[in-house]
Amino acid sequence: MARGLEALPDEDLRILLSRRREAAEAARTARPTWAELAATLLHPRNVALTLARLDRFLGQVLGLASLEGGRLTPDVAEAEGLARAHLDPAVHELRRWGLATAGQDGSLVLAPGVAGMIWDPGGLGRPAARLLENL
């Protein structure tokens, strides 16, 4: 994730810091490394608050990526009804939220821990693996 942040264009980084106050505060109080900034963005509480602020479309894209193990390829997205023309902007916006990066093949790659914070991916309820952890 730190490399993904470092690769963001200045305008995208500015937007990310305006959207994610916790990261902006960390950047104001100290000069954090990219890894420290990524850790702040990916703290479970901060991820949960950010997920609640997303629009329905971005939430659905994240849910689909979560169902796919955290990586949504263009082919799978297309098979699920999400055209490449809509996937690319979603990847771009989710990078600006600090929740995902773009894979070399144009896929959406969720940042570490984000998939685990999506409690109801695709409206299907909790994944069975999470439910079985308690048994």
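Me: As what does Arg14 count at 46% relative accessibility?
Reply: The model is predicted: local features need pLDDT of at least 70 and side-chain atom pairs count only at pLDDT 80 or more, while totals for chains, interfaces and linings use all residues. Residues are numbered from 1 along each chain as its sequence is written, and side-chain values use heavy atoms, with hydrogens and water left out. Arg14 is placed in helix H2; helices (H or I, at least four residues) and strands (E, at least two) are DSSP runs, numbered from the N terminus. Buried means under 20% relative accessible area, exposed over 50% and partly exposed in between (1.4 Å probe, protein chains only), so at 46% Arg14 counts as partly exposed.

Me: How far apart in space are Arg14 and Ala24, C-alpha to C-alpha?
Reply: Ala24 is one of the buried residues of H3, together with Glu22 and Ala23. Along the sequence, Arg14 and Ala24 are 10 residues apart, and from C-alpha to C-alpha the separation is 9.3 Å.

Me: In what order do the elements of the chain run from the N terminus on?
Reply: The chain has 9 helices and 3 strands. From the N terminus on, their order is α-α-α-α-α-α-β-α-α-β-β-α.

Me: Which residues of H2 are exposed on the face turned away from its buried side?
Reply: In H2 (residues 10-19), the buried residues are Asp12, Leu13, Ile15, Leu16 and Arg19. They are on the same side of H2 because they cover an arc of only 160° around the axis, the arc being that of the directions from the helix axis to the C-beta atoms. The face turned away from that buried side carries Asp10 and Ser18.

Me: What covers the buried residues of H3?
Reply: Those buried residues are Glu22, Ala23 and Ala24. Their cover, judged by contact (heavy atoms within 4.5 Å), includes H2, H4 and H5.

Me: At what angle do H2 and H8 pack?
Reply: Two packed helices are described by the angle between their axes and the distance between the axes. Axes are lines fitted to C-alpha atoms, for helices over the stretch in contact, and angles run from 0 to 180 degrees between N-to-C directions. Angles under 35 degrees count as roughly parallel, over 145 as roughly antiparallel, 65 to 115 as roughly perpendicular and the rest as oblique, and H2 and H8 are therefore oblique to each other. Their axes are 8 Å apart and the packing angle is about 60°.

Me: Which residues does Arg96 touch, not counting residues up to four places away in sequence?
Reply: Arg96 is found in helix H8 and, at 15% relative accessibility, counts as buried. Its C-alpha atom is separated by 9.2 Å from that of Leu5, 91 residues away along the chain. Leaving out residues up to four places away in sequence, Arg96 touches Glu11, Asp12, Ile15, Leu16 and Arg19.

Me: Which residues of H8 make the contact with H6?
Reply: The axes of H6 and H8 come within 10 Å and cross at roughly 95°. From H6 the contact takes Phe57, Leu58, Val61 and Leu62, and from H8 it takes His86, Ala90, Glu93 and Leu94.

Me: Which residue in E3 does Ala100 stand opposite?
Reply: E2 pairs with E3 (residues 108-110) in the antiparallel sense over 3 bridges. Opposite Ala100 stands Leu110.

Definitions and conventions:
Two strands pair if DSSP finds at least two bridges between them.
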